[in-house]
Amino acid sequence: MESVLEHNFLKKQKVAFYSFLIALGLTFVKGIVGFATGSLGILAEALHSGMDVVAALVTYFAVRIADKPADENHNFGHGKVENLSALFETGILMLTCFWIVYEAYHRLVTNSSHITVNFWSFFVIILAILVDFNRSKILYRNAKKFNSQALEADALHFSSDILSSSVVLIGLVFASFDFHIADSIAALFVSTIVFILAVRLLKKSIDQLLDRAPFKTKQSIQEIVNQIPEVVEVHDIRVRTSGSNIFVNLNIHLDPKLTIEEAHNISHKVETEIRNSFKHSIIHIHQEPSTRH
């Protein structure tokens with residue numbers, strides 16, 4: 001069992017580290033082409049990718065720390081580190097958004113939007129779209145597999161890059177026909193996309209840090225337990241998330257004539273059924289004698 005867990009932890013760290021390396025490479029390429037052509041859209045994408053580098057690095061260390069087991073000082077583990085990393089990403093996204101809006105507004109007001117559009121302008125954006133599509137697909141797959149909030153935030157982050165890069169690509173097409181203002185307009189669209197993403201990440205990370213109960217998860221657990229005939233009643237289902245783990249507390253009512261061993265076996269059955277649907281769940285069940293006749 002330990003070897004399987006260790007393998008999963010290493011796989012998560014590996015995915016996060018590769019994400020960091022790819023973001024670093026894309027930032028470098030976009031930055032060179034952006035400065036060479038003077039394209040605000042590409043420079044905005046370079047800054048966006050630079051933010052991805054920091055976010056991916058934070059995700060990598062968050063995954064490493066979050067996977068540490070519970071200890072004397074952290075009885076529920078270190079999973080909240082993943083949620084904190086998502087909150088940090090939100091701050092970076094917001095700062096990026098403000099910079100793009102300011103620069104785009106300045107260029108539109110001063111009418112200084114002339115840029116050079118060439119083969120490399122299109123190449124770097126198309127390359128970024130292809131790389132980000134593949135990267136977000138891998139991240140989403142592993143986020144679902146390991147129930148990792150940090151990898152999910154990274155996947156959502158890079159999925160937005162595909163959309164923002166597509167907008168910049170459209171701006172470059174218009175700029176190639178001497179409609180240079182389209183580049184600044186494209187940059188504004190990018191900032192809008194970034195801002196919407198930041199708001200979503202902010203809400204999600206705050207909800208998880210404040211232990212807001214995931215309604216759908218509670219509802220699913222209720223339905224699972226209701227299907228177990230030995231359980232007379234279930235109530236006070238409490239759910240909280242911490243990184244990859246889901247902590248579940250619930251009360252079940254059982255036939256008072258059952259022996260302690262029989263009641264224990266039923267609780268074990270309930271725990272197994274819940275864990276079949278929520279593999280990273282840590283479950284605590286309180287048994288009570290039913291008063292129903």
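The lining of the second largest pocket divides into five nonpolar, three polar and four charged residues; Ala, Val, Leu, Ile, Met, Phe, Trp, Tyr, Cys and Pro count as nonpolar, Asp, Glu, Lys and Arg as charged, and the others, Gly among them, as polar. This is a predicted model, in which local features need pLDDT of at least 70 and side-chain atom pairs count only at pLDDT 80 or more, while totals for chains, interfaces and linings use all residues. Residues are numbered from 1 along each chain as its sequence is written, and side-chain values use heavy atoms, with hydrogens and water left out.

The volume of this pocket is about 180 Å³. Closest to its centre, among 12 lining residues, are Val-15, Tyr-18, Ile-138, Leu-139 and Asn-142. A pocket here is an open set of points on a 1 Å grid over the protein atoms alone where a 1.4 Å probe fits, with protein on both sides within 12 Å along at least five of seven lines; lining residues have an atom within 4 Å of a point. Grid points are joined across faces, edges and corners, and the volume is the space filled by probe spheres set on them. α1 (2-37) and α4 (119-146) each supply at least two lining residues, with the largest share, seven, coming from α4. Helices (H or I, at least four residues) and strands (E, at least two) are DSSP runs, numbered from the N terminus.

An open sheet has three strands in the order β1-β2-β3, with mixed pairing; two strands pair if DSSP finds at least two bridges between them. The edge strands are β1 (233-242) and β3 (281-289). β2 (residues 245-254) pairs with β3 in the parallel sense over nine bridges, and Asn-251 stands opposite His-286 in β3.
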